[in-house]
Amino acid sequence: MTIDHLIENVSVNKSFGGWQKQYSHQSTVLNCAMRFAIYLPPQVSSGVKVPVLYWLSGLTCTDENFMHKAGVQRIAAELGIAIVAPDTSPRGEDVANDEGYDLGQGAGFYVNATQAPWNRHYQMYDYVVNELPAIIEASFPVSNKRAISGHSMGGHGALTIGLLNPERYSSMSAFSPICNPINVPWGKKAFTAYLGKDQATWQNHDASELMRIASNFIPAKVDQGGADDFLEQQLKPETLEAAAKINNYPLTLAIHEGYDHSYYFIASFIEEHVRFHAAHLNT
């Protein structure tokens, strides 16, 4: 049985000449059923294999939020890029959870948990880097050219995954990312639960720490709202900017006054991000 027979179509909608689809499948890595959304641009109808932009969403989101709210399909259709959005965590009645919105289901933080009870299911890093792309590239008319982006917790995931796997991605970008999770409340709570109390193990999942020591560069773009309620306490883009300057990393970081943490902000600048990725995917 091939991989494409192991995924089940949940929904399909035509959009800008292409197709917005949602699938479910049993994840071996996460040990549970998972969903992902994919937008296939109209170019695939003519037999063209298109590159893929992976989008990682933030706390409390699913595979649906970005696809419904960001308005990415129009520009993806124009540029001939597939968009793939996984869920933000494993799900299910037997999957460990927490009463808080910032830990457990909906808050996987894109790491491989090493601590019980989380380690049974919470292997989101391996899912995003390995299992999901293998499914996508075996099941759909896409190439092995990839870029990665995300928002908030997903921005953290996109940057850390891009920094740890520069050979796999042409470029990376983020909206309002958690730039220095080892030093902010969201990151400390999640990393203590998922990775344990040894903070030395946390640094491999901190974009600022990784950018400061990176030796293999890929282009990076970050946009941050200046009116974001989480800016000072949770996001700390200044730490990422400082790391990039120390290492001469090719990072473009912009603060947009008046914009907040919402999808209104993402929708306002998503075209710039997709065009940024297209320039590197097509080189």
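Start at Lys-189. This residue is partly exposed, at 33% relative accessibility. The model on screen is predicted, so read each contact as a feature of a prediction.

Asp-102 and Lys-189 form a salt bridge, with the closest N and O atoms 2.7 Å apart. Lys-189 sits in helix 5 (residues 185–195), while Asp-102 belongs to the loop between strand 5 (82–86) and helix 3, so the pair ties together parts 87 residues apart in sequence. Asp-102 is buried, with a relative accessible area of 11%.

How many salt bridges does a search of the whole structure find? The count is 13. Side chains of opposite charge can pair when their charged atoms come close.

**Helix 2 to helix 9**

Select Arg-74 and Glu-271. Their side chains meet in a salt bridge, 2.6 Å from N to O. Arg-74 lies in helix 2 (residues 73–79) and Glu-271 in helix 9 (residues 263–281), so this pair joins parts that are 197 residues apart in sequence. Arg-74 is partly exposed at 38% relative accessibility. Glu-271 is partly exposed too, with a relative accessible area of 29%.

Together with Arg-74 and Glu-271, they are linked in a network of salt bridges.

**Along helix 3**

Show helix 3, residues 124–139. Centre on Leu-132. A kink of about 35° lies there, shortly before the proline Pro-133. Both Leu-132 and Pro-133 are buried. Other buried residues in this helix include Met-124, Tyr-125, Val-128, Glu-131, Ile-135 and Ser-139. Which way do such positions point? An α-helix has 3.6 residues a turn, so residues three or four places apart point the same way.

Next, pick Glu-137 and Arg-146. They form a salt bridge, their closest N and O atoms being 2.7 Å apart. Arg-146 counts as buried at 10% relative accessibility.

**Phe-140 in the loop**

Move to Phe-140. It occupies the loop between helix 3 and strand 6 (142–150). Phe-140 counts as buried, because its relative accessibility is 8%, under the 20% cut-off. Which residues does Phe-140 touch, leaving out those up to four places away in sequence? Select Ile-7, Tyr-23, Phe-36, Ile-38 and Leu-40. For a distance check, draw a line from Phe-140 to Gly-92. The two are 48 residues apart in sequence and 27 Å apart in space, C-alpha to C-alpha.

**A buried lysine**

Go to Lys-221 in strand 8 (residues 220–225). Lys-221 is buried, with a relative accessible area of 12%. Beyond its neighbours within four places in sequence, Lys-221 is in contact with Met-172, Ser-173, Ala-174, Leu-251, Thr-252, Glu-272, His-273 and Phe-276.

**Last stop: the cysteines**

Select Cys-32. It is buried, with a relative accessible area of 4%. A disulfide needs the two sulfurs within 2.5 Å.

Now take Cys-61. Cys-61 is in no disulfide either; its nearest cysteine sulfur belongs to Cys-179, 18 Å away. Cys-61 counts as buried at 7% relative accessibility. The disulfide count comes to zero.

Note on methods
Residues are numbered from 1 along each chain as its sequence is written. This is a predicted model: local features need pLDDT of at least 70, side-chain atom pairs count only at pLDDT 80 or more; totals for chains, interfaces and linings use all residues. Side-chain values use heavy atoms; hydrogens and water are left out. Helices (H or I, at least four residues) and strands (E, at least two) are DSSP runs, numbered from the N terminus. Buried means under 20% relative accessible area, exposed over 50%, partly exposed in between (1.4 Å probe, protein chains only). Contact means heavy atoms within 4.5 Å. The bend at a residue is the angle between axes fitted to the seven residues ending there and the seven starting there. A salt bridge is a side-chain nitrogen of Lys or Arg within 4 Å of a carboxyl oxygen of Asp or Glu.
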